Amino acid sequence: MSVEEAVPVTPRRRPAGDPVKALLHRHRALCERAVDPLEIAAGLEAHGLTDRTAARFRHRDVFSLAEELYARTPSGDAPPDPGGPARTVAPRALRRLGYALLPGALALGVSAAGVAWAGPVAVAAVVAALVWPGRTAGGRFPGLAHLLAGLAVGWAAYRHGAGLAVGLAVAVLPGYLAAAGYAARARRRLAGSRALEEFAAGARPLFLGAVTLFTAAAAGAAALAGAPLAEAVPLAVLLFLTRLLLSHGARGAHRRPVAAALALALIPAAAAVAAAGLLVLAFLALSRASAHAPVRDDRP
């Protein structure tokens, strides 16, 4: 018997299939909608992929995997108009700044005029200010959360005076500025990160800084309106966190805990507890890259 006959011949193993191709097929809609690899990375994280699981697709992290998916996604034939979006950014930002100025100006105006219904006007202005930025990626209004916010603010104003609602209305402008600045800085942090853990480590101080700045601004607004700080500031922080979570909540995932916290705030002296609970949720949720994925916004 020859040596060739004595040694069994093992069949050659077929090369494994392309795992990235299978992932691309599974998330084709996400990849085709994405304007850059960062949006794909955030979407993959929202679907449960981590840097550790990215190794199964022969990548060191989710970001490099997203770059390959973006590069392998067929693009349309018509190139985008580079001047189109830029022409609308400034007018849109100015309009939103005007909307943020309106609640405080309206509440202070009716309060200074001595109008008897200054409290209800301020309550309506505060809740209306929440509705505009609270529109989520799905394009639907979380009506229950805004109804509970209106009840919480109205009940607090009834117990502590119209000045509390006026102070909350004045705090809408610093809330808008803090939220917009936080979102922009988090987006830049996402663009400069190469791993999900790296982004989370940089995003947490940004979030805590935004909350701290707004808390100080809310205390100043309450003092300006003559509202009791112990009641006005926790409720203002609760509304600010509601705004952040509804603005960055993927598919409305944060609506239930937000509604629960707002319902808890209806109990006297429970606004601080509700704000603390929502703070923990926001700290964890907004440290995820998926919370800062670009959302197309066709609103004016």
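Helices, here runs of H or I in DSSP of at least four residues, and strands, runs of E of at least two, are numbered from the N terminus. The model described here is predicted, so local features need pLDDT of at least 70 and side-chain atom pairs count only at pLDDT 80 or more, whereas totals for chains, interfaces and linings use all residues. Residues are numbered from 1 along each chain as its sequence is written, and side-chain values use heavy atoms, with hydrogens and water left out.

Taken as a whole, the protein chain has 15 helices and 0 strands. Of its 300 residues, 43% are buried, a term that means under 20% relative accessible area, with exposed meaning over 50% and partly exposed in between (1.4 Å probe, protein chains only). Among contacts in the chain with a separation of 6 or more, 74% are between residues 24 or more positions apart, where contact means heavy atoms within 4.5 Å.

One place to begin is T242, which is found in helix α13, residues 229–248. T242 counts as buried because its relative accessibility is 2%. A polar atom of the T242 side chain lies 2.8 Å from the backbone oxygen of L238. Leaving aside residues up to four places away in sequence, T242 touches V258, L262 and L278.

V258 and L262 lead on to helix α14, residues 255–264, in which V258, A259, A261 and L262 are buried. Seen down the axis of α14, these buried residues fall within an arc of 160°, and so they line one face of the helix; the arc is that of the directions from the helix axis to the C-beta atoms. The buried residues of α14 pack against α9 (143–160), α13 and α15 (271–285).

Helix α9 also holds G143, which counts as partly exposed because its relative accessibility is 43%. Although G143 and R255 are 112 residues apart along the chain, their C-alpha atoms are separated by 9.6 Å.

Another pairing joins helix α11 (residues 172–192) and helix α12 (residues 196–225), whose axes come within 10 Å and cross at roughly 170°. This makes α11 roughly antiparallel to α12, a description used for angles over 145 degrees. The axes are lines fitted to C-alpha atoms, for helices over the stretch in contact, and angles run from 0 to 180 degrees between N-to-C directions. Residues of α11 including Y182, R185 and L190 meet residues of α12, among them F199, L206 and F214. By class, this contact has 12 nonpolar, 3 polar and 3 charged residues, with Ala, Val, Leu, Ile, Met, Phe, Trp, Tyr, Cys and Pro counted as nonpolar, Asp, Glu, Lys and Arg as charged, and the others, Gly among them, as polar.

Terms used
Polar contact = N/O pair within 3.5 Å; in protein donor to acceptor, adjacent residues only side chain to side chain. Parallel < 35°, antiparallel > 145°, perpendicular 65-115°, else oblique.
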